[in-house]
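Thanks for making the time this morning. I would like to take you through one model, a few places at a time, and please keep it in view while I talk.

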Amino acid sequence: MKNKIILNKLNLCLGIMCCLFIFIPNTVIAATNPTQWEQKTVNVNSDKVWKIKFNQDINVDNLDKGVKVYNPVGISADVKISYDSINNTIIVQPPVVGYLPGQTYSLQISDTIRSLNSNQLKAPIIKSFTIAVPDNGQLKDEGNKKYVYKSYDITLDEMVGVQSKQAPINSISNYPALIPSDIDIRNYLNPKNYEYHDYAVYQFLTLNYVEGITAEELDSTLTGQGILEGQGKTILDACKQYDVNPAYIIAHAILESGHGKSQLATGYPVCIVAGKAVPSKITYNMFGIGAWDINPLKLGSEKAYNEKWFTPEAAIAGGIKWISTGYINNTIYKQNTLYKMKWNPTTPSHQYATDIAWAYKQSYSIKAILDKYTNAKLTFEMPEYK
């Protein structure tokens, strides 16, 4: 709100991006929290050009490092950055092939940007935007993929209102816990954005067990994944027992364990649980279960202690059972897709993650893994809002 007041006093209108960067004297310490420019529209064109005007001439050294566009999994888009010195404006050209339809990007301007007088920005700036999607109709069954559409008796806008009350976060590159706007939530909530997206459509994959994947194939995927390496049979046996898709489990474990190298996954000692002394044990937690944002290491390791996950194998099997009974095969919630684990349209208060992009991020790993397992029969459940 403060930035809006400043802009109104300056009475500026800048065309493509109606925002101004204000430099501050270099003797002042810049704010550590970024300024988020609110999305003004739900979707923008894939050839969008962004223009950012400054109130002083800027130093163009390392401009490409100070201005970045990221996709939701932290990959930099291949944009072209230039500077119009006459108008003190940075110009961000889209990738040659355009931005990907349905995908949400974050345009980030670092506070390392300096004026010619070495003044710095008040704070880093973030601008999220989502690319428009053409209406291509419903997906058709093809090869080993089957598509089923499930209707919900609620509108997308009503869902946004419900989800905004669940304390969601927007975790993007460099900034893991931003507060999302309703438009941010809507863009990740809208299934139409991802229906024809090669990767993100996998958030609608049903996560029940599928035949056609072997322990040897899983071990091949787990090569180089830290403590997860060699655990293909443990994973496959538990997935069969608890009716869970092993490709999903591998993707989930790799993400949550930091490729098998996180403190929670590799073994963390616990001697106090809920403030009370307990016999010291090394605990393992491969899926970040119970590792809430306020203190993930403490809470995740205490959860592992309570569940008796004192070996990697126990943590894997126990984690798969916990995910199955609590979400995928839960008799009440039946959250058997990543989308439903995150958003849970029927009971929104029961969600696996707070990050609005969580299902999207998981889908990348699942597709990459399943592309190797061509014998697996896949079913996708596509949500439809009224």
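Beyond its neighbours within four places in sequence, tyrosine 305 is in contact with Val270, Val273, Val278, Pro279, Lys281, Thr283 and Phe310. Of these, proline 279 places its backbone oxygen 2.6 Å from a polar atom of the tyrosine 305 side chain, while lysine 281, 24 residues away along the chain, has its C-alpha atom 7.6 Å from that of tyrosine 305.

Next, please look at asparagine 344, which sits in the loop between α11 (338–342) and α12 (358–370) and is buried, with a relative accessible area of 1%. Setting aside residues up to four places away in sequence, asparagine 344 touches Tyr333, Gln335, Tyr339 and His350, and a polar atom of its side chain lies 2.9 Å from the backbone oxygen of histidine 350.

Helix α4, residues 182–189, is largely enclosed by the rest of the structure, because six of its eight residues are buried, among them Ile183, Asp184 and Tyr188.

Finally, a caution: over residues 1–31 the pLDDT stays under 50, and where pLDDT is low, the predicted coordinates should not be read in detail.

Methods: Residues numbered from 1 in each chain as written. Predicted model: local features only at pLDDT ≥ 70, side-chain atom pairs only at ≥ 80, totals over all residues. Heavy atoms only, no water. pLDDT = per-residue confidence, 0-100. Contact = heavy atoms within 4.5 Å. Helix = DSSP H or I, 4+ residues; strand = E, 2+ residues; numbered from the N terminus. Buried < 20%, exposed > 50% of the residue type's maximum accessible area, 1.4 Å probe, protein only. Polar contact = N/O pair within 3.5 Å; in protein donor to acceptor, adjacent residues only side chain to side chain.
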